[in-house]
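Hello,

Here is the structure we talked about handing over. Please open it alongside these notes; what I found follows below.

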Amino acid sequence: MSRAPQNLLVPFRRDRKRDFATGTGAELLASKVRQVLLTEGATPYSTGELPWRTSFGAGLSRLRHQRNDTVLAELARVYVRDALARWLPGVHLVQVRVEQEAATLTLRARVREGDTTADFDVPLQRGP
């Protein structure tokens, strides 16, 4: 009998048993992808967020405060695709788009790992 993989969910939060919450399936997949995409990796403009692995992450902060046009959407797709290929090689990008609501810019994506599909949002910049 095989069990679905189970692990801690990010951002860390407590469950009803006063322990860190764990998850499986789409919830765990979205958590893993968010961890990669929201971690600031080393870029020409930053040194990286994790001192023990400065290159880990996607560098999506480079997209903040840019024009919301087709170029930004393509850059977001490439950054997400490259980060997933490097840090989560079993995860495939199905769809990614950048949406603007008032002054808030959000990356919406769908990923797949095996039979599991997950949708998630990543804030790129928030309005005033």
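**Findings**

The side chain of T39 has a polar atom 2.6 Å from the backbone oxygen of Q35. T39 sits in the loop that links helix 1 (25-38) and helix 2. Is T39 buried or exposed? T39 is buried, because its relative accessible area is 6%, and the cut-off for buried is under 20%. Beyond its neighbours within four places in sequence, T39 contacts E49, L50, F56, G57, A58 and G59.

A word on confidence before going further. This is a predicted model. The mean pLDDT of the protein is 81. Of its residues, 91% reach 70 or more. Among the elements, helix 2 (residues 70-87) has the highest mean pLDDT, at 87. Strand 1 (residues 7-8) has the lowest, at 72.

Next, the core. The largest nonpolar core holds 29 residues. Which residues have the most contacts inside it? They are V33, L37, L60, L107, V111 and F120. At least two residues each come from helix 1, helix 2, strand 3 (92-101), strand 4 and strand 5 (116-125). Helix 2 gives the most, with seven residues.

L107 lies in strand 4. L107 counts as buried, because its relative accessibility is 0%. Leaving out residues up to four places away in sequence, L107 touches L37, A76, V80, V96, R97, V98, F120, D121, V122 and L124. L107 and V96 are 11 residues apart in sequence, with their C-alpha atoms 7.0 Å apart.

V111 has its own set of contacts. Again not counting residues up to four places away in sequence, V111 touches L29, V33, L84, V91, H92, L93, V94, T116, T117, A118 and F120.

Then T106. T106 is found in strand 4 (residues 104-113). T106 is buried, because its relative accessible area is 14%. With residues up to four places away in sequence left out, T106 touches R97, V98, E99, D121, V122 and L124. R97, V98, D121, V122 and L124 are also among the residues that L107 touches.

Last, the rings. What does the charged end of R62 sit over? The charged end of R62 sits over the ring of Y79, 4.1 Å from the ring centre. As for aromatic pairs, the count comes to one.

Best wishes

Methods
Residues are numbered from 1 along each chain as its sequence is written. This is a predicted model: local features need pLDDT of at least 70, side-chain atom pairs count only at pLDDT 80 or more; totals for chains, interfaces and linings use all residues. Side-chain values use heavy atoms; hydrogens and water are left out. pLDDT is the predictor's confidence in each residue, from 0 to 100. Helices (H or I, at least four residues) and strands (E, at least two) are DSSP runs, numbered from the N terminus. Buried means under 20% relative accessible area, exposed over 50%, partly exposed in between (1.4 Å probe, protein chains only). A polar contact is a pair of N or O atoms within 3.5 Å; within protein, one must be able to donate a hydrogen and the other to accept it, and residues adjacent in sequence count only if both atoms are side-chain atoms. Contact means heavy atoms within 4.5 Å. Rings of Phe, Tyr and Trp (its six-membered ring) pair if their centres lie within 6.5 Å; planes under 30 degrees apart count as stacked, over 60 as edge-to-face and the rest as tilted. A charge sits over a ring if NZ of Lys or CZ of Arg is within 6 Å of the ring centre and within 35 degrees of the ring normal. A nonpolar core is a set of buried Ala, Val, Leu, Ile, Met, Phe, Trp, Tyr and Cys residues joined through side-chain atoms within 4.5 Å.
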